[in-house]
Amino acid sequence: MKERIRAAFAGVKDDGLAERQTGKANSKMGNALEALEMFQIILEFARKRLPTGTFFTARILETGDEDMVKVPEHTEIELNLYAEYRDKLEAMEKLLEDGARGAALMAGCRAEIRRGLS
């Protein structure tokens with residue numbers, strides 16, 4: 001069985017002054033690229049906890065870092081999940097969705113999970 005999900009991270013809109021990177025701003029939270037990077041670390045740890053007979057592939061769709069001065073506001077990653085049985089696929093989906101929400105929480109962003117993409 002195969003399932004495709006996307007995790008999109010939305011951070012704060014930056015004015016390009018890079019105040020949050022220099023430490024002059026009140027908050028350094030909301031960097032969507034940091035959320036994506038944390039999620040990639042979570043994915044590597046998740047590989048060890050996957051049920052037997054399951055695996056996934058990941059492809060980054062958007063990094064939001066075209067402007068080196070602004071803090072990335074939007075990033076997105078697509079995951080293809082593979083499993084022998086529906087219950088294992090659902091367990092893997094839950095694990096990865098929780099990981100995406102945790103990464104967003106750590107970076108001060110929002111995570112949007114979309115399932116069942118073709």
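Glu76 counts as buried in this predicted model, because its relative accessibility is 11%, and buried means under 20% relative accessible area. The side chain of Glu76 meets that of Arg114 in a salt bridge, at 2.2 Å from N to O. This pair links distant parts of the chain: Glu76 belongs to strand β3, while Arg114 belongs to strand β4 (residues 110-115), 38 residues apart. Arg114 is partly exposed, with a relative accessible area of 30%.

Glu76 also forms a salt bridge with Arg6, at 3.9 Å from N to O. Arg6 lies in strand β1 and Glu76 in strand β3, so the bridge ties together parts that are 70 residues apart in sequence. Arg6 is partly exposed, at a relative accessible area of 25%. These residues are part of a network of salt bridges that links Arg4, Arg6, Arg59, Glu76, Glu78 and Arg114.

In the whole structure, a search finds twelve salt bridges. One of them joins the side chains of Glu3 and Arg86, at 3.9 Å from N to O. Here strand β1 (residues 2-10) supplies Glu3 and helix α3 (residues 86-107) supplies Arg86, 83 residues apart. Glu3 is buried, with a relative accessible area of 14%, whereas Arg86 is partly exposed, at 36%.

The loop between β2 (54-62) and β3 (74-83) holds Asp67. Asp67 is partly exposed, with a relative accessible area of 36%. On the surface, Asp67 gathers with Glu34, Glu37, Asp65 and Glu66 in a patch of negative charge. Val71 has its place in the loop between β2 and β3, but Val71 counts as buried, at 5% relative accessibility. From C-alpha to C-alpha, Val71 and Met29 are 10.0 Å apart in space, and they are 42 residues apart in sequence.

Definitions and conventions: Residues numbered from 1 in each chain as written. Predicted model: local features only at pLDDT ≥ 70, side-chain atom pairs only at ≥ 80, totals over all residues. Heavy atoms only, no water. Patch = residues over 30% accessible without salt bridge, like charges linked within 9 Å, V, L, I, M, F, W, Y side chains within 5 Å. Areas by Shrake-Rupley, 256 points an atom, 1.4 Å probe, with all protein chains shown as cover. Salt bridge = Lys/Arg side-chain N within 4 Å of Asp/Glu carboxyl O. Lys, Arg positive; Asp, Glu negative; His and termini not counted. Charge placed at Lys NZ, Arg CZ, Asp CG, Glu CD. Helix = DSSP H or I, 4+ residues; strand = E, 2+ residues; numbered from the N terminus. Buried < 20%, exposed > 50% of the residue type's maximum accessible area, 1.4 Å probe, protein only.
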